[in-house]
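User: I would like to go through this structure with you by question and answer, beginning with the chain as a whole and then turning to its strands and loops.

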Amino acid sequence: MDFAKVRYAIFVSMEKKIIRTDNAPAPIGPYNQAVQFGNMLFVSGQIALDAVSGELIQGDIQTETKKVMENLKAILTEAGMDFSNVLKSTIFLMDMGQFAQVNEVYGSYFGEDAPARETVQVAGLPKGVKVEISVVAAK
């Protein structure tokens with residue numbers, strides 16, 4: 001058996017599937033909420049936008065982070081997953097001095113099986129938000 005051909009056949013048989021839900025904010029640019037390829041799910045960065053009104057949820061960094069995590073949860077749910085499926089996350093912060101507050105909220109969504117992660121301070125984020133988070137998950 002030619003395993004290279006088998007692996008190639010499996011790869012090409014996987015389809016790219018766009019994941020959309022009304023329970024998370026619609027994209028504000030030319031991208032999708034998430035893309036699934038095989039068992040992998042790539043979730044676009046989420047900010048603290050309300051899915052119904054499209055309005056920015058403003059408040060302290062913990063309020064923003066909670067809304068971001070709820071938006072991620074809605075997208076994961078639409079794909080038949082939850083936070084236990086998350087392999088990797090990236091947190092973008094405007095102010096690294098708020099890391100502890102973000103980490104507290106973020107950590108409440110994961111158990112002992114937390115994903116790999118990086119957190120970076122950035123010069124700016126969409127709509128002037130304080131935090132954006134993206135994830136990669138797998139079934």
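User: What percentage of the 139 residues of the protein chain count as buried?

Analyst: This is a predicted model, in which local features need pLDDT of at least 70, side-chain atom pairs count only at pLDDT 80 or more, and totals for chains, interfaces and linings use all residues. Residues are numbered from 1 along each chain as its sequence is written, and side-chain values use heavy atoms, with hydrogens and water left out. A residue is called buried under 20% relative accessible area, exposed over 50% and partly exposed in between, with a 1.4 Å probe and protein chains only. By that criterion, the buried part of the 139 residues of the protein chain is 36%.

User: What share of the contacts with a separation of 6 or more in the protein chain is between residues 24 or more positions apart?

Analyst: Contact here means heavy atoms within 4.5 Å. Among the contacts of the protein chain with a separation of 6 or more, the part that joins residues 24 or more positions apart is 69%.

User: In β5, which residue is the bridge partner of F92?

Analyst: Two strands are said to pair if DSSP finds at least two bridges between them. β4 pairs with strand β6 (residues 131-138) in the antiparallel sense through 7 bridges, and in β6 the partner of F92 is E132. β4 also pairs with strand β5 (residues 116-121), in the parallel sense and over 6 bridges. In β5, the residue bridged to F92 is V120.

User: What is the handedness of the crossover from β4 through α3 to β5?

Analyst: A crossover is right-handed if, with the strands pointing away from the viewer, the path from the first strand over the helix to the second runs clockwise. β4 and β5 are parallel partners, and one of their bridges sets S89 against R117. The β-α-β crossover that leads from β4 through α3 to β5 is right-handed.

User: Is Q98 buried or exposed?

Analyst: Q98 is located in the loop between β4 (86-93) and α3 (99-107). Leaving aside neighbours within four places in sequence, Q98 has contacts with I61 and K130. Because its relative accessibility is 19%, Q98 counts as buried.

User: Which residue in β6 stands opposite L41?

Analyst: Strand β2 (residues 34-37) and β3 are joined by 4 bridges and run antiparallel, with Q36 placed opposite L41 in β3. β3 pairs with β6 as well, again in the antiparallel sense, over 5 bridges. The residue of β6 that stands opposite L41 is A137.

User: Which residue takes a positive phi near 65 degrees in the hairpin of β2 and β3?

Analyst: The hairpin of β2 and β3 has 2 residues between the strands. A positive phi is also found at K127, where the value is about 60 degrees although K127 is not a glycine, and K127 is placed in the loop between β5 and β6. In the hairpin of β2 and β3, the residue with a positive phi near 65 degrees is G38.

User: What is the relative accessible area of A138?

Analyst: A138 has its place in strand β6. Not counting residues up to four places away in sequence, A138 touches N39, M40, M81, N85 and L87. A138 counts as buried because its relative accessible area is 12%.

User: What separates the C-alpha atoms of E55 and P25?

Analyst: E55 sits in the loop between β3 (40-46) and α2 (61-78), where, not counting residues up to four places away in sequence, E55 touches A48, L49 and D50. E55 and P25 are 30 residues apart along the chain, and the separation of their C-alpha atoms is 9.2 Å.
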